[in-house]
Every structure is written in C-alpha cells, then in structure tokens.
Amino acid sequence: MERYIIFIPADGPCRLVPCDNGDICKLSTLQQLVGGFIEVTESSLDPTWAREPVECIHLIVNEEGLLHQLPDNPRASSLYILGDRSAIVGNAALMAGHGEDLIGFPKLVCRAICDEWELEMENGAWND
C-alpha cells in the first residue's frame with residue numbers, strides 16, 4: 001500500500017508526499033521538507049485518525065524555526081498540541097508514530113484529515 005505524509009507549507013497549498021521506503025520517509029527527505037534539522041512534536045489528532053494501530057500522530061517541524069525567524073504556519077499550529085512551542089513556524093509534515101518509526105498514511109486517511117481540518121491541497125492531490 002502506498003503511503004503519504006501531509007506536507008503543510010507555511011505558505012501555499014498543502015501537498016501529499018509519497019513515502020521513500022513504502023511506509024516511512026528518510027531523515028534527509030524530512031529535513032529537506034522542513035528546511036533543516038527536524039523536531040518531532042505532538043499533534044492534536046487522536047491516533048484513531050490513522051485508522052490503524054499507531055501510538056500518536058506527529059508534526060515534523062524545523063527544530064530551529066524560531067531562531068531562523070521562519071514565517072508563522074497557522075494551519076500546522078491549528079493541528080499542534082500546545083507544548084514547548086507557542087506556535088508552529090516554517091514548513092511542517094504530518095505523520096503517524098508507530099513504535100520508533102514515523103509512517104505515512106494511506107491516501108484515504110490523508111483525505112479525511114485534510115477535509116476535516118480544511119487543509120487546502122494542491123490541484124490533483126486526490127487523482128489516482
């Protein structure tokens with residue numbers, strides 16, 4: 001089954017990014033998406049959104065986003081469970097946590113999440 005992460009840029013439409021190795025993305029892919037070292041933060045989404053047994057759903061963000069004064073990302077901030085950050089800045093990626101792995105979602109799960117949180121997707125995101 002092909003899996004995707006939901007890429008939530010600070011500006012512009014969101015997009016689906018296919019996982020590198022079936023279920024997961026390489027660290028280098030995640031670093032490229034967020035523009036630097038990654039930090040794994042908790043999202044406000046209940047694990048049941050994944051529609052499979054996972055421990056949690058994470059937002060992957062730039063660890064030094066505030067230091068680099070990256071732009072606010074209100075869409076990612078609305079999915080963030082307030083912890084040690086006041087808001088999410090810069091690009092973010094949404095993935096599930098399964099054990100020690102970060103895994104993508106099937107396309108139907110991506111669509112359900114994006115519809116519920118009104119994440120504007122790039123044209124053709126749902127074409128098969």
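Reader: In which sense do β1 and strand β2 (residues 15-18) pair?

Author: The model is predicted: local features need pLDDT of at least 70, side-chain atom pairs count only at pLDDT 80 or more, and totals for chains, interfaces and linings use all residues. Strands (E, at least two residues) and helices (H or I, at least four) are DSSP runs, numbered from the N terminus; two strands pair if DSSP finds at least two bridges between them. Four bridges join β1 and β2, and the sense is antiparallel.

Reader: Which residue in the hairpin of β1 and β2 takes a positive phi?

Author: Six residues lie between the two strands. The positive phi is near 95 degrees, and the residue is G12.

Reader: Which residue of β5 is the bridge partner of F7?

Author: β1 also runs antiparallel to strand β5 (residues 92-98), with three bridges between them. In β5, F7 is partnered by A93.

Reader: Are the residues of strand β1 buried or exposed?

Author: Buried means under 20% relative accessible area, exposed over 50%, and partly exposed in between (1.4 Å probe, protein chains only). In a regular strand, side chains alternate between the two faces of the sheet. Here Y4, I6 and I8 cover one side, I5 and F7 the other. Five of the five residues of β1 qualify, so the strand is largely enclosed by the rest of the structure: they are buried.

Reader: How far apart are the closest N and O atoms of R3 and D23?

Author: A salt bridge puts a side-chain nitrogen of Lys or Arg within 4 Å of a carboxyl oxygen of Asp or Glu. R3 and D23 form one, and the closest N and O atoms are separated by 2.9 Å.

Reader: How many residues apart in sequence are E52 and R3?

Author: These two form a salt bridge at 2.7 Å. E52 sits in the loop between β3 (38-42) and β4 (56-62), R3 in the segment before β1, so the pair ties together parts whose separation in sequence is 49 residues.

Reader: Which residue forms a salt bridge with D115?

Author: The closest N and O atoms of this pair are 3.9 Å apart. Both residues are in helix α3 (residues 107-116), about one helical turn apart. The partner of D115 is R111.

Notes. Residues are numbered from 1 along each chain as its sequence is written. Side-chain values use heavy atoms; hydrogens and water are left out.
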